[in-house]
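Thank you all for coming, and please look at the sequence and the structure as they come up on the screen.

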Amino acid sequence: MTGPFDSASKSPERIGVYVCHCGTNIAGVVDVAEVRDWTEKRLKGRGVIIARDYKFMCSSLGQEMIEKDIQKLGLTRVVVAACSPHLHEQTFRNACQRGGLNPYLSELVSIREQVSWVHTDKHAATDKAKAVVSGGVERVIKNEPLEPLRVPINEATLVVGGGIAGIQAALEIADAGFPVYLVEREPSIGGHMAQFDKTFPTLDCAACILTPRMVSAGTHRHITLMTWSEVENVSGYVGNFTVTIRKRARYVNTELCTGCGICQEKCPKKVIDQIYEAGMGYRKAVYTPFPQAVPRYPVIDKPNCTYFSKGTCKACEKFCPTNAIDFNQQDELITVQVGNIILATGYDLFNARRIPHYGYGRLANVYTNLEFERLSNAAGPTNGEIVLRDGKTKPKSVGIIHCVGSRDRNYNNYCSAICCMQSLKFAHLVHERTGATVYNFYIDIRTTAKAYDEFYQRVLEEGTLFVRGRVAEVTDAARKPEEEGRLIIQVEDTLAGKQRRIPVDMVILSAGLEPRKDAKETAKLFGISCSADGWYIEKHPKLDPVATMTEGIFIAGCNTGPKDIPNTVSQGAAAAARVLGRIQQKEIFIEPVRASVNQDKCSGCRICNNLCPFNAISFIEDRKVTEINAALCQGCGTCVAACPAGAISGTVFSNEQVLSQIDGLLMLNLEYMKEAPELVAV
Amino acid sequence: MTEQDQFEPVIIGFTCNWCSYRAADLAGTARVKYPPNVRLIRLMCSGRLDPTFVMKALASGADGVLITGCHPGECHYIEQNYKALRRYQLLKRVFAQLGIEPQRVKLVWASAAEGVKLAHEITTMVEEVRALGPLHWGASNGREVHDHLPTEDMELPEEAEVMA
Amino acid sequence: MNDKYLYYPGCSMESSAKAYSESLAAICEPIGLHLEEINDWNCCGATEYIGISLTPAYSLITRNLALASLQADGTRTVVAPCSACYLNLAKADYYMQERPILGENVNTALAAGGLHYDPGSLFIRHLLDVIINDIGLDKVKSKVVRPLTGLRVAPYLGCMVPRPDYEHRWSNPEYPNELDRLLKTLGAEVIDFPLKTHCCGGHMTQIGPNTAFELIRRLVSSADQYRAEVMVTLGPMCQMNIDAYQGEMNRHFHTDYRMPIIFFTQLMGLAFGLNAKQLGFGRELVGTREMLQRIGVEAPEPIEAVPAHKPRMKEGLPMPRMPGDEEVN
Amino acid sequence: MNANGTKPKFAMYWAAGCGGCEIAVLNIGEKILDVDANFDVVFWPVAMDAKYKDVEALDDGAITLCLLNGSIRNSENEAIAKLLRRKSKILVAFGSCANEGCIPGLANLSSAQEIFETAYNTISTDNPQHIRPQPSYFVPEGELHIPEFYPIVKTLDQIVPVDYHMPGCPPESHQIAAVIDLVIKALHGEAQLPPPGSVIGAGDSTVCDECQRTRNVKAIKQFVRIQDVRTDPTMCLLEQGVPCNGPATRSGCAALCPQAGAQCIGCYGPAEGVIDYGARLISAYASVIDAKEPAEIDRVLDGLPDPAGQFYRFNLARSLLRAARSAWIKS
């Protein structure tokens, strides 16, 4: 008969099966005792010599139970039916190892995530649990003893993104004495935080606390800072990534430039600064985004430079005292070897134009939060004066709208986490600097972190007005004379239970946070995954929030979801700590999931040659056979499935294991004692 | 299965370690309910899916096979899910010639975040396959179809105990 | 796909909105729009019926879709020019899918007439949507021979067309830009009309005139503040409320607005160089002479509306009292 | 020669098949004389007259070597296969039909009813009375029986245990000669027979191993039918879009077809250890199609108008699914 499952033979293995109650998590739906009894009785012929159930298999007592059974009963295979292998596979492998059994001779099958938590019918769930156990038993018979692969870790780390998360991560690693490449897309590091005026809730000045960190990162002997640069290609795997970085031409020779700023003064071309000034101010075509920029060297913005577009000007070159301007500079591709990568790529602001009835982009005095940050910033375009678009009039009343684009099923369902505190900060600043009446339009006030609610109380006491309700529209269509020439906020005041029209002079939209526009491409580049929203997915949302499912790639800051500064900094440090742990171990162990070619069977048809995105497959011309480089193989198994001759096999997920598991899941193992069936059609 | 009972199909589902298996975990964590008719197998990637596995499952008594993987462009191994897609499309053509209804073998993309979607797809597929009725390929091969597990009256005979 | 569209005119097109009907007929040929009227269509029930009883209301609407299905012949799109008709048809299609029991009930009712409709089998679309997204602004632009340069227009969509936007066909359900883009293509100066999707009062003119007058005033006064010379709309009800009740509204508030309101198809026709009379100009009550002069078009003589029916009895028959009326009223 | 001075007994039987295997045996040339010299041929319907009852009269295990070709289509095939199994020490499933169903196995894509319909009732058939064969029929001389037609074609090892498998349609003569040599040597104690269950008379790798065409990495943009194109004689046919089954087909034929300019159609069956031959090809072909969009993939696949025929021409009866659903389900 065909198939790996030989229905006439019994398994020579001595298998122990352990069914976990997980408190009531499993036992509440699955009759674990019945599963245990059934396994012991019905799967005896498959080599199950002991089946036990226990309250918490992952507890030390549960693990010891397995260890003892291995030693006393001479188990050669272990199946644990409990939670997802993503949670406790390692736990039970370790237990097996301690008991003296090769850890890969065990299987953890999920009867919690895939059975008790998703099914309600107890009888059906118990039946399914039996099938799942039976699948595990059949599979484990075909398991092979394996050793984890050891991979040496390159000491260097790549940090992508020079905002506060990336700066923090880079400094932590560099301070420990290991090299860091810090790559930033903009001309200066600093990120969004550099644009802010005050930081909630303490109201310390963002620049005052950020600048020293920026300087440290810029001057650290272990940090190679690459601004105006982007990662273009990543290859390799944990411990040994090869990263190609495009260092865009600055047209400024950084060896010669002293950062004196004369070129910026002399440049005749003024450009609206869409990035740093959020469109509220101007910069020159040769510029550093802000005075405290790190590095201090300017860049020439090629599309806006008069010389590049018209062929004449070169004012900067003429006046540069050190001849640092170099119009012939080219982009450079730099390749670096790193062991780990931390992505701290930050966020984009929700585009408030997407809600046209809030008037942003149509009505002059509707501002976004980032615009207001620049407006209130002492180093900003108005030197901190809070004024209307005309540049002079101080508002007498200001409306701040929360949750713009957040908590809204038309845009983003999630809460942007920082808007409440940010809006309260704005209310305080407006009140303090203009004395205007401030209205906050909110759904809920969420001030959960340390000293946040105290700040809310303070703003309340200052006399800021709070209207609970989602704003319907911001309009200039006046209905009454007192509304004329002003912005009217139409809102249902859900506490008062009525519709209100509140005329104000200025509206600030607390636009939410969104993943970077290119978050998906970045994720693809580094081989990690995004949620449907576009935020990066953590290895575990609670227990492993800075790791990803890809070994060696870590994430920190707002690219996993909206965060305030303290959380962002913590994540940067946490990611650094994870990386440092690995560097200091000098090597890591990874799953021995690998493919290999049986060269006697390989006929050199070359079907598989083009299938590996990691270039692990190569063809040996003189012997006309294909070979797989185990170090490059990532274990996806695509070539195993593709080989027409069946010459490629894969460990941990071998054909025999999967086919046997199918038999087990379909309970075909229960037929083992029967005669070969009579082959007559129905 | 007794005739008056509703037919309970058995579906073997192949999941990718990086996306759909995690989606199944997520469905569990979020307590999203779906019918117990699907039994999942974890692979490292939908690219690992050998058509043999699908045929084996159908030939051995499964009424349907659900193949899942990362969305196009989101493969953990960069582009292996496209290979799964191509194999699936070719496999479907062969199955059509063998008289296997298209609803019985389905390919669904589910990211690690799409627990609800996966549960929904499973529910839909179970109902579709239920409506089609048993495939009975396994029975045709002289084997029993295991809609329900053997009951007490199907206990092992004595000699089997000895063999065991 | 067949390039024809199944056309559901609705009752207004034959009465109050003749100008809409005439101008639409006039522009179809230049932009290559092939409309095939649904045979034996009936009233969509307007806005009231749905509030009274769902099955009969939806059956009334769906009968038209069932008839349209019979005529489909390769095309799947039903076009309605009237806001209320469009919304009713779309609503019926949507809710029959969402609530299968309603769908069954409706089809049971239709079966009495030998009809059946599979919800989701037709695309229900508004005329403007078809012109923007299928015909395209490039095509429209190519037909413009008399650009409406200098004419300040207020694009007014009313509340029913872009909302609730079941199929996500509009750029934004709260503040769509389709009509703005079309009018700009015709060469007009389009104001950023803040009330473009606000309500015209609907049937409130019949039930609570004061409410309706306030709603009309807001629209007209806002358009006036923006110095619009004409409001452009796409629904017969909107046009009628603002046109026919503007005088009464003025008396109510002691104001003196004279804001003409016309259909977008009329402006398209003007831009295409068609004759104003052929486009139904002259039927409106708030005169369009000044507005037409702005673009150098001679205004046609006003058309006196001839009552279609004999004057009704002064008072109608009394409604029979229904059990439970006391609680409702 | 046995201890008691008699020659070992040889039998050959032709079940559902074309007879090509019989010709292939005769095609071994002078080697056939070795067979006669070393064996006592007791049963070989195509070559000599013998009755089933003669075989039944033999002791169980009396036949030393039996080459059985053809698949199991009807009750007669099955009965004789069982009889010969009982009487033979070494039963060889000889040729593709006995091993994997071969062309007769393609009948498994249709139900018995469809097959009869085609055979007895299509426009090319002159059968005005719609006569269908009946299992039994009364004639003046008595009741006649014909064998029962089974709904699906089976391979020999689906009926009885088989000692060796010899693939090929038909097996290559040089391979037959080598096998006969080996058996004779083994009988004289000069060689060891391979372990039971082995494939004999073929290689362990695939046809590509023996094919001299130059191979490169593969990215198939379209499939073409070989009669529609002029192929490069030095380049891998699959890379030229010709669906060549060589990569999945067991070696042993010396890549006869590809060397002669035609694609391999897979008569030597799957390589060692492969469970489902067609699955291997489906997976391999699909893996190297150069398309990512479903519609584009479909366009490429349209170049394979009969995928089941392409992938299971010789192997359907031995595949995992074995037959189309209509063949399984009794009407």
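This is a predicted model: local features need pLDDT of at least 70, side-chain atom pairs count only at pLDDT 80 or more; totals for chains, interfaces and linings use all residues.

**The largest cavity and what surrounds it**

Let me begin with the lining of the largest cavity, to which strand E4 of chain A gives the largest share, five residues. Residues are numbered from 1 along each chain as its sequence is written, chains are lettered from A and ligands numbered from 1 in the order in which they are written, and side-chain values use heavy atoms, with hydrogens and water left out.

A cavity, on a 1 Å grid over the protein atoms alone, is a set of points where a 1.4 Å probe fits but cannot get out, and its lining residues have an atom within 4 Å of a point. Grid points are joined across faces, edges and corners, and a volume is the space filled by probe spheres set on the points. With that in hand, a search of the whole structure finds 15 cavities of 30 Å³ or more, and the largest cavity holds about 300 Å³ of space. Its lining has 26 residues, and those closest to the centre are A:Glu107, A:Leu108, A:Arg139, A:Gln661 and B:Arg42.

Which elements supply at least two residues each to this lining? In chain A they are helix H3 (85-99), strand E4 (106-110), helix H5 (122-141) and helix H17 (655-665), and in chain B there is strand E2 (38-43). Helices (H or I, at least four residues) and strands (E, at least two) are DSSP runs, numbered from the N terminus. By type, the lining divides into twelve nonpolar, seven polar and seven charged residues, where Ala, Val, Leu, Ile, Met, Phe, Trp, Tyr, Cys and Pro count as nonpolar, Asp, Glu, Lys and Arg as charged, and the others, Gly among them, as polar.

**Chains and cores**

Let us turn to how the chains meet, where contact means heavy atoms within 4.5 Å. Four pairs of chains are in contact, and of these chains A and B share the most contacts. Chain B has no contact with chain C, and their closest C-alpha atoms lie 16 Å apart; chains C and D are likewise not joined by any contact, with 19 Å between their closest C-alpha atoms.

Chain B itself has six helices and four strands, which follow the pattern β-α-β-α-β-α-β-α-α-α along the sequence. Of its 164 residues, 68% are buried, and buried means under 20% relative accessible area, exposed over 50%, and partly exposed in between (1.4 Å probe, protein chains only).

A nonpolar core is a set of buried Ala, Val, Leu, Ile, Met, Phe, Trp, Tyr and Cys residues joined through side-chain atoms within 4.5 Å. In the largest one, which has 107 residues, B:Phe14 and B:Phe95 touch the most other members, and helix H10 (residues 277-287) of chain D gives the largest share, seven residues.

**Salt bridges**

Side chains of opposite charge can pair when their charged atoms come close. A salt bridge is a side-chain nitrogen of Lys or Arg within 4 Å of a carboxyl oxygen of Asp or Glu, and the structure holds 81 of them over all chains. In one of them, A:Asp53 pairs with A:Arg36, with the closest N and O atoms 2.4 Å apart. A:Asp53 lies in strand E2 (residues 48-54) of chain A and A:Arg36 in helix H1 (residues 32-42), so this pair ties together parts that are 17 residues apart in sequence.

In chain B, B:Glu8 forms a salt bridge with B:Arg130 at 3.1 Å between the closest N and O atoms, and the pair links distant parts of the chain, 122 residues apart. B:Glu8 is partly exposed at 23% relative accessibility, whereas B:Arg130 is buried at 14%.

Finally, we come back to B:Arg42, one of the residues closest to the centre of the largest cavity. B:Arg42 is linked with A:Glu89, A:Arg93 and A:Glu591 in a network of salt bridges.

Notes:
On a 1 Å grid over the protein atoms alone, a cavity is a set of points where a 1.4 Å probe fits but cannot get out, and a pocket is an open set with protein on both sides within 12 Å along at least five of seven lines; lining residues have an atom within 4 Å of a point.
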